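Subject: Structure handover

Hello,

Here is the structure we talked about. My notes follow below it.

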Amino acid sequence: MKKLRTRKHAVVLNRSVGGDAVITVMLTILGIAMFLPVWYLIVTAFKPLGERSITPPNFYVIKPTLQNFIDLFTNMNSTWVPMSRYIFNTIIISVAATFGCLVLGSLTAYSLSKIKFPGHNFIFAVIRYSLMISSTVTGITNFFIYVALGWLNTYTISIVPVWASTLGLYLMKQFIDSNVSDEMIEAARIDGASEIKIYWSIVMPLVKPAWLTLIVTTFQSVWNAGASGYVWSEQLKTFNTAIATVSGVSSGAGSAAILLMMSVPIIVFLINQSKIVETMGSSGMKD
């Protein structure tokens, strides 16, 4: 009788030891290849001018220096709009857009999943199909809407449209369907709990991986967003816009600025990466 392989007390039937080794090596190589650009950016941020001019470039630094960061903050203080204003705008827009997307996305997902009102299947189908439509296609229509609402060149234009993220809503809806039973919701209703009480005290704790994923993905998207074509006032632009200006003055300062900019979403992702994987596995995205 063939002996079954086990890994952490679970039976493994699909691959041999050799197959696992090959896949591990391939994934390791791919992981290193994907990490190389990030590593090069980190190294470049600490390179002096002489090492940045070497061709071909090195993936290591011989004499690390903090001069690039000093130049960055020096350039910050010499701009017409203080760099602190760009950072403030980025934080305000990222936090407000993420919070609104989480609240509206989770409430809508709960309604579509557990409140069987007329037309809920049709509404979710429209939301699902909207994932296939590029934002470029709706650009002109959105512009006319923003003009009519008077949102151009305001914080609102960078915040409110993010609240309508259909991808986050889709992930939340799928996760609620698979992790919150209808019997549990009905029992809470029989006990006299309101829909808001059920949503906050029962549903949200059970779908914590989903809304953590929504927070991380939305925050990363907004934080890394470039300059908006709907905003032309320098006092309303984000840090990404300032990076372009700093990079034009000094490539070293630009690398330091990009490193600081990307460190925040990377840290947020690393803290919540296990929850993100769990959400993707339960939402149907793997199919």
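Let me start with one lysine. Lys237 counts as buried because its relative accessibility is 17%; buried means under 20% relative accessible area, exposed means over 50%, and partly exposed lies in between (1.4 Å probe, protein chains only). Lys237 sits in the loop between H11 and helix H12 (239-249). Helices (H or I, at least four residues) and strands (E, at least two) are DSSP runs, numbered from the N terminus. Contact means heavy atoms within 4.5 Å.

How to read the numbers: this is a predicted model, where local features need pLDDT of at least 70 and side-chain atom pairs count only at pLDDT 80 or more, while totals for chains, interfaces and linings use all residues. Residues are numbered from 1 along each chain as its sequence is written, and side-chain values use heavy atoms, with hydrogens and water left out.

The chain overall

The chain has 13 helices and two strands. Of its 287 residues, 33% are buried. Take the contacts between residues at least 6 apart in sequence: 70% of them join residues at least 24 apart. The chain exposes about 17,200 Å², and carbon and sulfur atoms supply 69% of that. Accessible areas come from the Shrake-Rupley method with a 1.4 Å probe; for residues, only the protein chains shown count as cover.

The cores

The largest nonpolar core has 19 residues, and Leu72, Met83, Tyr86 and Phe239 touch the most other members. Such a core is a set of buried Ala, Val, Leu, Ile, Met, Phe, Trp, Tyr and Cys residues joined through side-chain atoms within 4.5 Å. Helix H1 (17-45), helix H3 (67-77), H4, H11, H12 and helix H13 (251-282) each give two or more residues to this core. H13 gives the most, with six. Apart from this core lies another, of 17 residues, including Ala109, Val203, Met204 and Ala210.

Phe239 has contacts with Met76, Met83, Tyr86, Ile87, Thr90, Ala257 and Met261, leaving aside neighbours within four places in sequence.

The largest pocket

This pocket holds about 1,300 Å³ of space. Its lining counts 39 residues, and Ser135, Tyr146, Pro161, Val162 and Ser221 are the closest to its centre. On a 1 Å grid over the protein atoms alone, a pocket is an open set of points where a 1.4 Å probe fits, with protein on both sides within 12 Å along at least five of seven lines; lining residues have an atom within 4 Å of a point. Grid points are joined across faces, edges and corners, and the volume is the space filled by probe spheres set on them.

Helix H4 (83-114), helix H6 (139-149), helix H7 (156-163), helix H8 (166-179) and helix H11 (208-223) each supply at least two lining residues. The lining divides into 18 nonpolar, 20 polar and one charged. Ala, Val, Leu, Ile, Met, Phe, Trp, Tyr, Cys and Pro count as nonpolar, Asp, Glu, Lys and Arg as charged, and the others, Gly among them, as polar.

Other residues to look at

- Asn68 lies in helix H3. Asn68 counts as buried, at 3% relative accessibility.
- Tyr129 lies in helix H5 (residues 120-130). Tyr129 is partly exposed, with a relative accessible area of 49%.
- Asn153 lies in the loop between H6 and H7. Asn153 is not a glycine, yet has a positive phi of about 60°.

Best wishes
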